[in-house]
Amino acid sequence: MAALKAVRVSDWLWCASLGIAWLPVLSTLWDARRISHPRALTAYVDLSFVLQPGPLLALTGMFLACIVCWTLRYKPIASALFAFLLLALLGNLENSLYEADSGVHHGKLLPAGALLAWAITWQLTRARPVAEREQHAHEAALGVAAGCYVLAALAKLQSGGLDWVSSTNIPLLMVERAIGAATWSSELRTFVGEASAGSRSVVLSVPALAIELFSVGLLWPRTRRAAALLLLALHLAIALLLGYVYVAWMLLLLGALVRPSAALPQGQPRAPLP
């Protein structure tokens, strides 16, 4: 019974992750007036009418209904795929507001990708018992999460090589992000930025890079909780020292942390409703 409750808590954390991923995109589109840089879908279809309050609220209602249905496992594949498509639609609209991607909220990418992987795996394992389907789909979603973090680490190494580790960019960014922050936050960022300047920057960069690479531990039950804890600690450090807050990603990791690593005994999870 305790394991089943943990699974349900994990599912609702993932649901909250998806909801929070939607909010900043909705906020950006709410303030937009026109699609200034059409690309992908908006390059072929005029979707300017979606930027009005009525359509945005309607899409938000549909999205929330989809993720709640998915969490309750009511038509899970249809609700997951429709939620993914809605998030992709709003993501395309958001991308179309900027010439580059500097204003785009990337926090939606991991929850959306994990949800798509979950839906695909749930469909591919339809012949298996429900408990196994839940476990395989969950692990596929975590595979997407691990891929995101590993690719983030590899991108740093590709762009700067090992020089990225000894770069002073992180301390300088901390000092820059101290400007305009709350007093305690500004003092903390300035102190850590100045203390880690020069060759001492490896004290920050090496652990960050190592944790991102260790995210592959999300793939295996024995290392999953350790990897999730380290990634959560990394997110908290980034939020405190740099001001970049990825709540949606953190909730997804928290869901992985509280969820039992082993598959539940057959018959315990709720079966999908017809």
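I call a residue buried under 20% relative accessible area, exposed over 50%, and partly exposed in between (1.4 Å probe, protein chains only). The model is predicted, so local features need pLDDT of at least 70, side-chain atom pairs count only at pLDDT 80 or more, and totals for chains, interfaces and linings use all residues. Residues are numbered from 1 along each chain as its sequence is written, and side-chain values use heavy atoms, without hydrogens and water.

Entry on Trp 12. I found Trp 12 in helix H1 (residues 2-31); helices are DSSP runs (H or I, at least four residues), numbered from the N terminus. Trp 12 has 41% relative accessibility, so I list Trp 12 as partly exposed.

Entry on salt bridges. I count a side-chain nitrogen of Lys or Arg within 4 Å of a carboxyl oxygen of Asp or Glu. That rule gives eight salt bridges.

Entry on Asp 11. What is the relative accessible area of Asp 11? I read 2%, so Asp 11 is buried. Asp 11 pairs with Arg 259 at 3.0 Å, N to O. Arg 259 sits in the segment after helix H11 (247-258), 248 residues from Asp 11 in helix H1. Arg 259 is buried too, at 4% relative accessibility. Asp 11 also meets Arg 73 in a salt bridge, 3.3 Å from N to O.

Entry on Lys 108. I see its salt bridge to Glu 94, with the closest N and O atoms 2.8 Å apart. Lys 108 is in the loop between H3 and helix H4 (109-124), and Glu 94 is in helix H3, so the pair ties parts 14 residues apart in sequence. Glu 94 is buried at 0% relative accessible area.

Key:
Helix = DSSP H or I, 4+ residues; strand = E, 2+ residues; numbered from the N terminus.
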